[in-house]
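Here is a short briefing on one protein model. Keep the sequence and the 3D view open while reading.

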Amino acid sequence: MFAIVRTGGKQYRVAAGDKIAVEKLAGEAGDVIALSDILLAGDGGESKDLAGVVVSAEIIAQAKADKVVIFKKKRRHNYRRKLGHRQQHTILRILGVGEAVKAAPAKAATKTEAPVEAAADAPAAEAAPAKAEKAPAKKAAPKKAAAKPEADSSADNA
């Protein structure tokens, strides 16, 4: 059985046992995630109903791609700039297509692909009570003007 999933703005055709490199996903090596955005699923030449289809994948590693060199030059102006970029990606092993598959490691926890929405709400909820418990700030006492020693007026005139 195969499925076409969308993650990181790209589409991938996956089947059980495949290894793919996708845009960086949250999680550590050994974690099991469920790819939730399934576009098509099928077996052979027939397409299946997407209602019960789940794609389970195990994170093999969090890695970086090869360096891409950006070189800018304007001739006859002595202008040269050299930059580099290494895109972060996640390497996944597809455990199964169709039903949820449990991973062999005991520490592996099932995670969804997009925990950003839930994570965005959680810190806001935790931060609000922390502000309520914080004591109001006290105003600082006004500073007194430093008394200037009176200098001898004859010294100023000399």
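In which strand is Lys 82 found? Lys 82 is found in strand 9. The model is a predicted one.

**Positive patch**
- Lys 82 belongs to a surface patch of positive charge. Lys 64, Lys 67 and Arg 86 gather there with Lys 82.
- Lys 82 has 64% relative accessibility. The cut-off for exposed is over 50%, so Lys 82 counts as exposed.

**Loop between strands 8 and 9**
- Strand 8 covers residues 68–74, and strand 9 covers 79–85. Arg 76 is found in the loop between strand 8 and strand 9. Asn 78 is found in that loop too.
- Arg 76 is not a glycine, yet its phi is positive, at about 65°.
- Asn 78 is not a glycine either, and its phi is positive at about 55°.
- Arg 76 counts as exposed, because its relative accessibility is 72%.
- Asn 78 counts as exposed as well, because its relative accessibility is 65%.

- Strand 1 spans residues 2–7 and is joined to strand 2 by six bridges. The two strands run antiparallel.
- Within strand 2, Gln 11 stands opposite Arg 6.
- Strand 1 is also joined to strand 5 (residues 38–43), here by four bridges. This pair runs antiparallel.
- Ala 3 has Ala 41 as its bridge partner in strand 5.
- Strand 5 pairs with strand 6 over two bridges, in the antiparallel sense.
- Asp 43 stands opposite Glu 46, which lies in strand 6.

**Hairpin of strands 5 and 6**
- How many residues lie between the strands in the hairpin of strand 5 and strand 6? There are two residues between them.
- Gly 44 in this hairpin takes a positive phi near 70°.

Conventions. Residues are numbered from 1 along each chain as its sequence is written. This is a predicted model: local features need pLDDT of at least 70, side-chain atom pairs count only at pLDDT 80 or more; totals for chains, interfaces and linings use all residues. Side-chain values use heavy atoms; hydrogens and water are left out. Two strands pair if DSSP finds at least two bridges between them. Buried means under 20% relative accessible area, exposed over 50%, partly exposed in between (1.4 Å probe, protein chains only). Patches are made of residues with over 30% relative accessible area and no salt bridge: like charges are joined within 9 Å, nonpolar side chains (Val, Leu, Ile, Met, Phe, Trp, Tyr) within 5 Å. Accessible areas come from the Shrake-Rupley method with a 1.4 Å probe; for residues, only the protein chains shown count as cover. A salt bridge is a side-chain nitrogen of Lys or Arg within 4 Å of a carboxyl oxygen of Asp or Glu. Lys and Arg count as positive and Asp and Glu as negative; His and the chain ends are not counted. The place of a charge is taken as NZ of Lys, CZ of Arg, CG of Asp or CD of Glu.
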